[in-house]
Amino acid sequence: MRKVLITVAAVLATAIAVPAFSDSITDRIENGEPIRLGFANEVPWAYPGENNEPLGFVNAFVLGVLGEMGYDRDDLEPVVTEWGGLIPGLQANRFDIVTGGMYILSSRCENIAFSDPMAEVADAFLVAPGNPKNIHNYEDIREADAVLVTGAGYNTVEDAKSAGVPESNIMTVPGPTEILAAVRAGRADAGGGTYFTVQNLAAESGGEVEVSDPAKMPKDLKNWVGIGFRKSDTEFLEQFNAAMADYLGSDAMLEAVAEYGYTASNVPGDDASTEWACENR
C-alpha cells in the first residue's frame with residue numbers, strides 16, 4: 001500500500017477549505033444554516049412533493065409550529081430518506097428534526113427525544129377483498145397462521161411479535177408501496193400500518209384490497225405521534241413544545257392538516273404524554 005505523507009500545512013488548508021457543520025439546531029441557526037426536516041415517503045403523514053416540498057399532515061403541523069417560533073419556509077431544508085433511515089439519519093446529523101410521523105415507543109425513546117404528542121392514531125391492516133381470513137388484529141394473524149407484511153422499522157413488527165406472531169410470518173419491506181404490492185400479489189395476507197396509511201393505500205388500489213376494522217384492534221395498542229429530535233437539542237425541543245401547546249388543536253392547525261385527513265378526533269387528550277408513552281409503549 002502506498003503511504004501518503006500529509007504535512008501540517010496541508011491539514012490546515014483542508015480544514016479551512018471544508019465548512020464546519022454544527023451539531024445542534026441552535027448552532028445551525030446561529031450560523032445561518034437551515035433547519036433540516038427528515039421524512040420518508042409516507043402518504044398522508046409526510047412525503048415529498050415537487051422539489052422535495054414537505055407535504056403531509058405531520059410536515060404541515062411542524063411548519064405551523066416553526067412558524068409560531070418565527071421561522072419560515074426559507075429557513076428549512078427537506079431531507080427525504082427511507083423510513084428505516086430516519087433515526088440513524090438524525091443520530092448521524094444528516095437532518096435535525098424527524099417529521100415522518102413516528103409513534104412514541106420505548107425502543108425509540110432510547111435513541112431520540114420526542115416532542116409532546118401531536119396525534120392519537122390506531123393501526124389497521126390491508127387485506128384481500130372480503131377479508132377472507134377475518135384479520136382485524138395481531139391475534140387473528142397468529143391464529144390464522146397468516147403472513148404479515150409491514151415496513152422495516154414500523155411499530156407493527158414489535159406489536160406482532162408481542163402477540164405471538166412468529167418471525168417467519170413477518171415480512172418486512174421498505175415502505176407503503178411494497179406493502180400494497182405484497183398484499184395485491186397474495187404474497188402476504190395482511191399489510192400492517194397506521195390507519196391513515198393503509199386507508200390511503202386501499203384507495204390507490206382501486207378495490208383490489210380493503211382495510212380491516214381499526215376498532216377491533218386492542219385499545220392498549222393505541223399510539224401517540226411525536227416529532228423527533230436529537231437528545232442533545234433539549235433547549236430547542238423545550239421551545240418547540242411551548243409553541244406547540246398554543247398551536248395544537250387550533251383552528252389554524254386544523255385548517256392546515258385538513259386536506260390530509262387529520263381531524264379534531266386525532267388531537268391527543270390531556271392525559272397523553274411523551275413520558276407515559278416512552279415508559280409504556
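Visitor: What is the relative accessible area of A113, and is A113 buried or exposed?
Guide: The model is predicted: local features need pLDDT of at least 70, side-chain atom pairs count only at pLDDT 80 or more, and totals for chains, interfaces and linings use all residues. Residues are numbered from 1 along each chain as its sequence is written, and side-chain values use heavy atoms, with hydrogens and water left out. A113 sits in strand β6 (strands are DSSP runs of E, at least two residues, and helices are runs of H or I, at least four, numbered from the N terminus). Buried means under 20% relative accessible area, exposed over 50%, and partly exposed in between, with a 1.4 Å probe and protein chains only; A113 is buried, at 16%.

Visitor: How far apart are the C-alpha atoms of A113 and K231?
Guide: A113 is in contact with I227, G228, F229, R230, K231 and L237, leaving aside neighbours within four places in sequence (contact means heavy atoms within 4.5 Å). K231 is 118 residues from A113 along the chain. Their C-alpha atoms are separated by 5.1 Å.

Visitor: Where is S115 found, and which residues does S115 touch beyond four places away in sequence?
Guide: S115 is found in the loop between β6 (113-114) and β7 (119-121). S115 is buried, with a relative accessible area of 0%. Residues up to four places away in sequence aside, S115 touches I104, G226, I227, F229, L237, F240, N241, M244 and T274.

Visitor: How many salt bridges does the structure hold?
Guide: A salt bridge needs a side-chain nitrogen of Lys or Arg within 4 Å of a carboxyl oxygen of Asp or Glu. The structure's total is 12.

Visitor: How far apart are the closest N and O atoms of D96 and R36?
Guide: D96 and R36 form a salt bridge. D96 lies in the loop between α4 (86-91) and β5 (97-103), R36 in strand β1 (residues 35-39), and 60 residues separate them. Both residues are buried. Their closest N and O atoms are 2.9 Å apart.

Visitor: Which parts does the pair of R230 and D96 tie together, and how many residues apart are they in sequence?
Guide: R230 also forms a salt bridge with D96, with the closest N and O atoms 3.0 Å apart. R230 lies in the loop between β13 (223-229) and α10, and D96 in the loop between α4 and β5, so the pair ties together parts whose separation in sequence is 134 residues.

Visitor: Which residues do salt bridges that share partners join into one network?
Guide: D233 and R230 meet in a salt bridge at 3.3 Å, N to O. Both D233 and R230 are buried; the relative accessible area is 9% for R230 and 0% for D96. Through shared partners, one network joins R28, E33, R36, D96, R230 and D233.

Visitor: Which residues gather in a patch of negative charge on the surface?
Guide: Patch residues have over 30% relative accessible area and no salt bridge; like charges are joined within 9 Å, and nonpolar side chains (Val, Leu, Ile, Met, Phe, Trp, Tyr) within 5 Å. Asp and Glu count as negative, Lys and Arg as positive, and His and the chain ends are not counted; a charge is placed at NZ of Lys, CZ of Arg, CG of Asp or CD of Glu. Accessible areas come from the Shrake-Rupley method with a 1.4 Å probe, and for residues only the protein chains shown count as cover. The negative patch gathers D23, D27, E30, E235 and E238.

Visitor: Which elements give two or more residues to the negative patch?
Guide: D27 is in helix α2. D27 is partly exposed, with a relative accessible area of 35%. Two or more patch residues come from each of α2 (25-30) and α10 (234-247).

Visitor: Which residues of helix α7 are buried?
Guide: Helix α7 covers residues 155-162. G164 follows α7, with a positive phi near 95°. The buried residues of α7 are N155, T156, V157, D159 and A160.

Visitor: What is the omega of the cis peptide bond that joins V43 and P44?
Guide: Most peptide bonds are trans. V43 and P44 are joined by a cis bond. P44 is placed in the loop between β1 and β2 (47-48). Omega is about 5°.

Visitor: What is the phi of N131?
Guide: N131 sits in the loop between β8 (123-127) and α6 (138-143). N131 counts as buried, at 10% relative accessibility. Although N131 is not a glycine, its phi is positive, about 45°.

Visitor: What is the phi of D145?
Guide: D145 lies in the loop between α6 and β9 (148-151). D145 is exposed, with a relative accessible area of 53%. Most residues other than glycine have a negative phi. D145 is not glycine, yet its phi is positive, near 50°.
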